[in-house]
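Please read the following briefing alongside the sequence and the model. It moves from overall architecture to the packing around individual residues.

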Amino acid sequence: MTATETGAEAQIPPGITTPGLTAAQRFRAILGGSAGNLVEWYDWFVYSAFAVYFSNHFFPGDDDLAGLLKTMAVFAVGFFARPLGAWLMGLYADHAGRKTALTAAVSLMCGGSLIIAVLPSYETIGVAAPILLVVARILQGLSVGGEYGASATYLSEMAGRRRRGFWSSFQFVTMVMGQLIALGILSLLQTTMAPADLESWGWRIPFFIGAAMAVVVFWIRSRMDESQSYEVSKASGAERARTMMLFMHYPKQTLTIFGFTAGGSLAFYAFTTYMPKFLTGTAGFAGPIATGITAAALVVYLFALPFFGWLSDHWGRKATLFIAFGGGALAAYPALSTIAGTQSPFVAFALVATLVFLMSGYNAVSAVVKAELFPANVRALGVALPYGMGTAIFGGTAEPIALAFKRAGIESGFYVYVALGMAVAFLMIFLLPDNRKHSLILED
């Protein structure tokens with residue numbers, strides 16, 4: 001199968017049957033893939049949500065902002081492990097199967113969370129503390145990088161042609177649910193624990209919870225069915241994925257995914273992960289109020305995602321991407337500027353909710369729009385590697401860049417940066433084919 005083949009031209013090899021999945025099989029597949037994704041992203045976001053409480057344990061000093069900046073730089077290090085995880089797990093998923101790769105990914109996340117949960121502070125073991133923190137984040141970065149490609153591929157392949165956009169949107173639905181659970185635990189601990197206890201040892205609780213959840217998901221994933229797309233590709237004798245295949249045979253697809261992933265990841269982390277810090281450090285809201293504003297906006301986001309996924313099944317993926325990046329590029333600067341100056345939590349919520357609603361037009365189809373560009377034998381790698389690279393460079397650095405602008409006294413420069421990233425992604429959409437006519441996921 002060549003890079004020029006489309007859904008209309010490509011065919012399943014003769015002699016290979018593709019019996020349709022029953023509704024129960026499809027539901028179990030979506031549930032199994034989504035449950036693991038929820039745990040992966042819960043563990044990933046817990047680090048950011050609780051960073052303000054544990055930063056001094058690993059980076060002590062008189063300047064709290066400097067310690068937080070170093071802690072978030074470690075967050076970025078985890079992002080730079082994501083392309084490596086995407087590359088390795090993408091190859092693994094195309095060679096050994098989606099189910100096997102997904103099980104391996106959640107095992108890495110469990111290990112990373114457990115290390116952070118039990119890691120002694122700088123005062124106890126010295127420089128080994130921040131070094132081991134970096135190691136834990138690298139493990140989590142490898143896991144999340146590998147999770148995305150395998151999960152996006154698996155959910156897109158198992159979703160079915162008619163509702164592929166709707167069901168594959170649950171990859172980001174579960175991602176947001178993971179973040180909501182992280183914020184819920186943060187809010188619970190903030191209201192039930194004394195601040196001194198939370199900073200002393202309470203911040204370790206969510207990491208223990210994440211490790212335990214990962215064990216449960218490992219058991220669930222070990223019992224999932226493999227996707228028909230992978231089985232058909234393997235039975236047909238198609239060449240297994242190699243890294244250079246992306247750049248030699250699919251350069252346009254790879255560049256396009258990198259381009260709109262860069263803008264999408266930058267916006268996602270600016271509007272969600274960084275938002276509680278922005279609401280407290282810039283707008284001046286109290287911690288619990290900032291957490292509540294973010295959580296309420298994420299609930300809007302949660303319901304917007306399947307709506308845009310459904311919309312993409314009727315209007316096409318490009319339509320929802322245009323809404324996301326066009327609207328986001330226009331709204332980012334005025335919305336962030338207004339949030340920075342408002343004292344009303346209702347105004348802040350309305351603006352944050354607007355930003356994440358627009359962004360859901362991208363995130364809802366993030367998985368499927370990539371998966372439909374590649375044949376099954378190279379699909380997991382094709383989805384994962386350019387996504388991992390774009391997310392590492394632009395998503396992983398969003399918070400450190402935002403804090404750097406803040407320290408320099410030109411925080412509005414970050415608003416411009418986010419708007420420009422989304423504008424570039426808007427232009428990249430013109431390179432995408434219409435999925436209603438051109439999709440390389442052949443199975444129903």
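What percentage of the 444 residues of the protein count as buried? The share is 58%, where buried means under 20% relative accessible area with a 1.4 Å probe and protein chains only, exposed means over 50%, and partly exposed lies in between. This is a predicted model, in which local features need pLDDT of at least 70 and side-chain atom pairs count only at pLDDT 80 or more, while totals for chains, interfaces and linings use all residues. Residues are numbered from 1 along each chain as its sequence is written, and side-chain values use heavy atoms, with hydrogens and water left out.

**Overall architecture**

- The protein has 21 helices and 0 strands, which are DSSP runs (H or I of at least four residues for helices, E of at least two for strands) numbered from the N terminus.
- Its radius of gyration, taken over C-alpha atoms, is 21 Å and close to the 22 Å that the globule rule gives for 444 residues, so the protein is as compact as a globular protein of that length; the rule is 2.2 Å times the number of residues to the power 0.38.
- Along the principal axes, the C-alpha trace spans about 70 × 45 × 40 Å.
- Of the contacts (heavy atoms within 4.5 Å) between residues at least 6 apart in sequence, 86% join residues at least 24 apart.

**Nonpolar cores**

- The largest nonpolar core has 109 residues, and Phe50, Phe271 and Tyr301 have the most contacts inside it; such a core is a set of buried Ala, Val, Leu, Ile, Met, Phe, Trp, Tyr and Cys residues joined through side-chain atoms within 4.5 Å.
- Apart from this core lies another, of 11 residues, among them Ala101, Ala150, Tyr154 and Ala380.
- Not counting residues up to four places away in sequence, Phe50 touches Ala182, Ile185, Leu186, Leu189, Leu198, Trp203 and Pro206.

- Leu385, placed in helix H19 (residues 379-395), is buried with a relative accessible area of 8%.
- Val368, in helix H18 (residues 366-371), counts as buried at 0% relative accessibility.
- Leaving out residues up to four places away in sequence, Val368 touches Ser156, Arg164, Gly165, Ser168 and Arg317, whereas the C-alpha atoms of Val368 and Lys406, 38 residues apart along the chain, are separated by 36 Å.
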